[in-house]
Each structure stands twice: as structure tokens, then as C-alpha cells.
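This report describes a single protein model, moving from its pocket to its helices and then to selected residues. Please keep the sequence and the structure in view while reading.

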Amino acid sequence: MRIGDLSARTGASTRALRYYEDQGLLTSTRSAGGHRRYTEADVDRVRYLQRLYLAGLSSQTIRTLLPWCLSAPTPDNTDAAFARMSEEREKLDAHIAELSRTRDSLDELIAGNRAFRESHIW
């Protein structure tokens, strides 16, 4: 199937599909006319990539996980994938905590500003 067909089947833009290829996450063959050609299996692969991106994983992390999850899903590989995804979850938790602290700080500034405005007659 051509890139437009893959895009229609997965909801991924053609730009995203080209990006996946540039990142080494998706491969295609070329027709005699130079058009990208994909297989039926690529539909599932793109959907899987979309789920990984939706989970906030970077291309580099996804590139690490793909062999473990898709190419050779052995018990050891799935354990390694689990560990890597858990690391990403811990990073996300830390980032959320930092964002919460930042929001709390901003809330204090807003409250101080509000109190100042209410205590002054302009």
C-alpha cells in the first residue's frame, strides 16, 4: 500500500509516517516510480507507534523498545521493556511533581497579587 493508504488506515499523517521512517521506526520499500510501499503489518506497527508516542515516549526510547516488544518478545525482552517503561514512568512522575510545585508557587504569587490589589485603592 502507498503512504496515503497507510495514513488513511492508521490516522497518522503522511508527515508522521515519513518521520517514523527517518527515526528508523518504520521501513518501506520503493516502487519503480520511487513511491513508498508498505505492508499490511505496517498498519499494526504504526498503530503501536502511535500508542507509544501517546504515552509520551521519545523516538529514542521507542527505538529501544521495539526490538524487545515486536521483533523478539521473549520473557527476558519483555522484562527489559517493562523496566524501561517503568523508568519512563518514574521520570514522568518526577516531572509531574515538579510541575505541581511550580503551579503551587504560581498560585502563591497570584494570591499575593490579588491580596495586594484588594488592599489598595487605585
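## Classes and the largest pocket

Ala, Val, Leu, Ile, Met, Phe, Trp, Tyr, Cys and Pro count here as nonpolar, Asp, Glu, Lys and Arg as charged, and the others, Gly among them, as polar. The model is a predicted one, in which local features need pLDDT of at least 70 and side-chain atom pairs count only at pLDDT 80 or more, while totals for chains, interfaces and linings use all residues. Residues are numbered from 1 along each chain as its sequence is written, and side-chain values use heavy atoms, with hydrogens and water left out.

A pocket is an open set of points on a 1 Å grid over the protein atoms alone, where a 1.4 Å probe fits and protein lies on both sides within 12 Å along at least five of seven lines, and its lining residues have an atom within 4 Å of a point. The largest pocket holds about 190 Å³ of space, a volume being the space filled by probe spheres set on the points, which are joined across faces, edges and corners. Its lining comprises five nonpolar, one polar and three charged residues, namely Leu52, Ala55, Gly56, Leu57, Met85, Glu88, Arg89, Lys91 and Leu92. Helix α5 (residues 75–119) gives the most to this lining, with five residues; helices (H or I, at least four residues) and strands (E, at least two) are DSSP runs numbered from the N terminus.

In helix α1 (residues 3–10), the buried residues are Ile3, Leu6, Ser7 and Thr10, where buried means under 20% relative accessible area, exposed over 50% and partly exposed in between, with a 1.4 Å probe and protein chains only. They lie on the same side of α1 because they cover an arc of only 100° around the axis, the arc being that of the directions from the helix axis to the C-beta atoms. These buried residues pack against α2 (14–22), β2 (36–37) and α3 (40–54), and just after α1, Gly11 takes a positive phi of about 85°.

A nonpolar core is a set of buried Ala, Val, Leu, Ile, Met, Phe, Trp, Tyr and Cys residues joined through side-chain atoms within 4.5 Å. The largest has 19 residues, of which Leu6, Leu17, Tyr20, Leu26, Val46 and Ile62 touch the most other members. To this core α1, α2, α3 and α4 (59–71) each supply at least two residues.

## Individual residues

Glu21, in helix α2, is buried, with a relative accessible area of 18%. Leaving aside neighbours within four places in sequence, Glu21 is in contact (heavy atoms within 4.5 Å) with Leu26, Ser28, Arg36 and Tyr38.

Asp79, found in helix α5, counts as exposed at 51% relative accessibility.
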